[in-house]
Amino acid sequence: MRRGSIVQLVLFGLIAAAAGTTLALAPAWLPEPATREAGRIHFVFWFVTAICVFIFAIVAAVLAYAVVKFRRQPDDDTDGPPIHGHTGLEIAWTAVPTVLVTAIGIVSAIVLAKDDAAGANPLRVDVTAQQFAWSFGYPSYGNKRSDILRLPVNRSVVLHMTSKDVAHSFWVPEFSQKQDLLPGIHPTLHITPDRVGTYTVVCTELCGLGHALMRTQAIVMPQKAFASWAKSGRGGGAGQGTQGGGNAAPPTGQEGLVLFRQQGCNGCHTLEAAGANGTTGPDLDRLATYAQTAGKPLNGFIHQSIVAPNAYVEKGYPKGVMPDFGKTLTTAQVGALADFLAASVNKKQP
Ligand SMILES: [Cu+2]
């Protein structure tokens, strides 16, 4: 190739690379990391992306240049010159990718190993998933329970995961990692939050009708604030710490309301007393009428609807959609829910 052609090719390549890189970097592709593990994962992501942009720019530039420069002239019907291979080029396009892929492999292995290293004394948090709610337990704080994931900043945490029913998947976008939860298997996930803030816990495995509502918050707190939250109301007991803030045991009668939200009932049902306006299931403010139509006493009807939803299916609503809470809730929890529903309904009667 003539010297002039090579200069043209390089210029063309640089312009194409600049345009491509600007386009690639302009949008905020990834959320700002909130754990050390996420920071490392982002590094791998951008490392691989930069290599891809580089290779793509070379290939695209040579291709575009060749298409423009060596276009057939209108009156030219001759064959091109016969060319048989090019040892130098072949060595280059074998050696360069080998080096790059090996580099990606080494960087990934280092990041995986570092992300898995939980250190000597990680905080254990038990994560429980069920249709359609998350809950969290803190064994080192008297099994304190919360439906919000609260974590201390800059401390190694190991999440021990359990699914009570179907496959779910734990994901906080700012934490980058994802972990599937399958019934009967208890995977763990190591994280070290390093940015105080409130993030969203998302279920990313389609797990039923309420899947899109299966969300809660992850709150990364300063260590002192976390310690005082974790120690408050320590010691266990029914209903203790089930509230969002988990500060104190909810007063009696409120337990039903807390469960109603925690278990995701509000995602599918309308109920004024809980500020819920779901429409997948029947409007629970009209339970009295429904019970009458079914020819059952209100309390018995509510109880049965929770523990055996398919025994009586309300007309116009799908069967098999409401989760079978008889399997996942304790008798006390079902009782609290039923009392709460009955009280909310009775309050509306004149
Ligand atoms: Cu789920």
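**Note on the predicted model: helix pair, copper site and cores**

1. Helices α2 and α3 are roughly antiparallel to each other, a label used for angles over 145 degrees. Helix α2 covers residues 36–69 and helix α3 residues 87–116, and the two pack at an angle of about 170 degrees with their axes 9 Å apart; the axes are lines fitted to C-alpha atoms over the stretch in contact, and angles run from 0 to 180 degrees between N-to-C directions. Residues making the contact include Phe-43, Phe-47 and Ile-51 of α2 and Ala-103, Ile-104 and Val-107 of α3, where contact means heavy atoms within 4.5 Å. Helices (H or I, at least four residues) and strands (E, at least two) are DSSP runs, numbered from the N terminus.

2. This is a predicted model, in which local features need pLDDT of at least 70 and side-chain atom pairs count only at pLDDT 80 or more, while totals for chains, interfaces and linings use all residues. Residues are numbered from 1 along each chain as its sequence is written, and side-chain values use heavy atoms, with hydrogens and water left out.

3. The copper ion has as protein donors His-168 (ND1), Cys-203 (SG), Cys-207 (SG) and Met-214 (SD), at 2.0 to 2.5 Å; donors are N, O and S atoms within 2.8 Å of the metal (3.2 Å for Na, K and Ca), and sites may look incomplete since water is not among the atoms. The angles among the four donor atoms are 94 to 122 degrees, and the site is tetrahedral, a class that requires all angles of four donors to lie between 85 and 135 degrees. His-168 belongs to strand β6 (168–171) and Cys-207 to the loop between β9 (197–203) and β10 (215–221), so this pair ties together parts that are 39 residues apart in sequence.

4. Both His-168 and Cys-207 are buried, meaning under 20% relative accessible area with a 1.4 Å probe and protein chains only. His-211, in the loop between β9 and β10, is likewise buried, at 15%, and touches Phe-132, Cys-203, Thr-204, Glu-205 and Leu-206, leaving aside residues up to four places away in sequence.

5. The largest nonpolar core has 35 residues, and among those touching the most other members are Val-125, Trp-134 and Leu-149; such a core is a set of buried Ala, Val, Leu, Ile, Met, Phe, Trp, Tyr and Cys residues joined through side-chain atoms within 4.5 Å. A second, separate core of 25 residues includes Leu-271, Ala-291, Val-334 and Ala-342.

Technical notes: Four donors count as tetrahedral if all angles lie between 85 and 135 degrees; four count as square planar and six as octahedral if opposite donors are over 155 degrees apart and all others between 65 and 115; anything else is irregular. Buried means under 20% relative accessible area, exposed over 50%, partly exposed in between (1.4 Å probe, protein chains only). Angles under 35 degrees count as roughly parallel, over 145 as roughly antiparallel, 65 to 115 as roughly perpendicular and the rest as oblique.
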